[in-house]
Amino acid sequence: MNRLPASTQFWASLGARFLPFADAATKELPLGRLLRLALFQVSVGMAVVLLNGTLNRVMVVELGVPTWIIALLIALPLLIAPFRALIGHKSDTHRSLLGWRRVPYIWGGTMLQFGGLAIMPFALLLLSRPEDFAIGVSASALAFLLTGAGMHITQTAGLALATDLAPEESRPRVVALLYVMLLVGMMLSALVIGTLLADFSATLLVQVIQGAAVLTVLLNIAALWKQEARDKAATAPDRHRPVFTDVWHAFVGVGRTKRLLLAIGFGAAAFSMQDALLEPYGGEILGLSVGATTGLTGVWALGTLIGFALSGRWLGHGADPLRIAGMGGVAGIGAFLLVIFAAPLGSAGLLYIGASAIGFGVGLFSVGTLIAAMALAREETTGLALGAWGAVQASAAGLGIALGGVIRDIVTSLALADALGSTLAGRATGYGIVYCIEIGLLLCMLIVLGPLAGSRQGVSPGAPKQFGLSEFPT
């Protein structure tokens, strides 16, 4: 075991007390360098808050854009999701005379993110004007697609870079820390953006989103600076590159992989259908302000962080990861019930509790299912495993987001036309139906996951009981 310098030992021990997984610092990857690397996760968290939280609320309530259009816009970036496996594979086998494998992908993703956020506020303002609606839809679709594609590329290659830099024994905790920083970035962004947009205006919207674009570039430059060493041998043009389809078939053919991926798809869709609806639900049904509804994303991230931390603790004591995932599904069912009852009771507090409980369920579900899949990845296919896992989860999430918005609008229209009876003649009905569907999807996830719980078939004996890079590639 390499002995750390005294200063590194001090900061590592201090950080370990206050920052989860900060004990991942090593001589090769000190805590300061590790936290700097984690800034790319902060930029991704900021974009997630904007796309899935603040902007959809602003478009629904302040700009009067139909929810189905917003849901489709938010789902557009996830068209890139099925290609995450290919992106990861390409970064594994990238050929470059400069000697970098991950940096070109992270920088390219950063530029896409910047471009999307730069044009986004103007596109949204055009979307709110009937005479420019068609142009606004086209420009908004481009902005969301660029931003989302940048997030997927940056995160896939960034997490792969983390595993390149970290010693093998500390990789799980290194990337666990990166995930914690993603959630911290979401919470801080939700707080700051919500405060800035408390008194909404079009000018302020432009300033906030374009400020986020500039901050994204600055954070990612700081994250990448002198992180990846140039290795021309690893990126030589004549280096052998395995065929993607061969590697992919070998990956999905392991043990009970397909059943596990199906369970993940059900769970991801269930937890994501409300992504485009939670903040509009608070604003439209309970009359919450922009700042108050942005806070829902913050408490969701806090709940996820708590679920993540508890999962790590339970896994350290030998708990079955798939049972933890099942507990996440049960927590999600209870959370959606709380959100449903917040409307008839007129309780904003109940909505906040429900939002945090949704995040808690996501934390348990994500860690449990992803740790179970760790044995599916081999060392030489880290990028592929990261991308494949992200592809399944993000594709299911994108489909869930799109369906959630469409179903909400259709049911709300029927309810307001009194086609569902006087009892259900209200705007809350559309939201409630979507939350009920999410409960049904979580029940399907539990049914599919059940036979796998407690079983080690398809799992290698050496799979660690920790949460790290191979477990959380998204």
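Colleague: What makes Arg408 and Asp409 a salt bridge in this model?
Modeller: Keep in mind that the model is predicted. The side chains of Arg408 and Asp409 come to 2.5 Å, N to O, and the cut-off for a salt bridge is 4 Å, so the pair qualifies.

Colleague: Why do you call Arg408 and Asp409 buried?
Modeller: Buried means under 20% relative accessible area. Arg408 has 6% relative accessibility and Asp409 has 13%, so both count as buried.

Colleague: How do you know that Asp320 and Arg323 form a salt bridge?
Modeller: The closest N and O atoms of Asp320 and Arg323 are 3.7 Å apart. The limit is 4 Å, so this pair is counted too.

Colleague: Is Asp320 buried or exposed, and what about Arg323?
Modeller: Asp320 has a relative accessible area of 14%, so it is buried. Arg323 has 52%, and exposed means over 50%, so Arg323 is exposed.

Colleague: Which residues are linked with Arg129 in a network of salt bridges?
Modeller: Arg129, Glu131 and Asp132 are linked in that network. Within it, the side chains of Arg129 and Glu131 meet at 3.2 Å, N to O. In total, the structure has five salt bridges.

Colleague: Now to the rings. Why is the pair of Tyr281 and Tyr431 called edge-to-face?
Modeller: Happy to go through it. The structure holds five aromatic pairs. In this one the ring centres are 5.1 Å apart and the planes stand at 65°.

Colleague: What makes Tyr281 and Tyr435 an edge-to-face pair?
Modeller: Tyr281 and Tyr435 are 5.5 Å centre to centre, with 80° between the planes. That angle is over 60 degrees, so the pair is edge-to-face. Tyr281 lies in helix α12 and Tyr435 in helix α17, so the pair ties together parts that are 154 residues apart in sequence. Phe271, Tyr281, Phe336, Phe365, Tyr431 and Tyr435 form one aromatic cluster.

Colleague: How do you know that Tyr281, Tyr431 and Tyr435 are buried?
Modeller: Tyr281 has a relative accessible area of 2%, Tyr431 is at 0%, and Tyr435 is at 0%. The limit is under 20%, so each of these counts as buried.

Colleague: Which residues touch the most other members of the largest nonpolar core?
Modeller: Tyr435 is one of them, and the others include Leu55, Met59 and Met120. This core has 98 residues, and helix α3 (residues 39-62) gives the most to it, with 11 residues. Beyond its sequence neighbours up to four places away, Met120 touches Leu51, Leu55, Ala143, Phe144, Thr147 and Ile209.

Colleague: Last one: why is Leu452 called buried?
Modeller: Leu452 is at 6% relative accessibility, and the limit is under 20%, so it counts as buried. Leu452 sits in the segment after α17 (428-449). Leaving aside neighbours within four places in sequence, Leu452 is in contact with Arg256, Arg259, Leu260 and Leu322. The C-alpha atoms of Leu452 and Arg259 are separated by 8.3 Å, although the two are 193 residues apart along the chain.

Conventions:
Residues numbered from 1 in each chain as written. Predicted model: local features only at pLDDT ≥ 70, side-chain atom pairs only at ≥ 80, totals over all residues. Heavy atoms only, no water. Core = buried A, V, L, I, M, F, W, Y, C linked by side-chain atoms within 4.5 Å. Buried < 20%, exposed > 50% of the residue type's maximum accessible area, 1.4 Å probe, protein only. Helix = DSSP H or I, 4+ residues; strand = E, 2+ residues; numbered from the N terminus. Contact = heavy atoms within 4.5 Å. Phe/Tyr/Trp six-rings, centres within 6.5 Å; stacked < 30°, edge-to-face > 60°.
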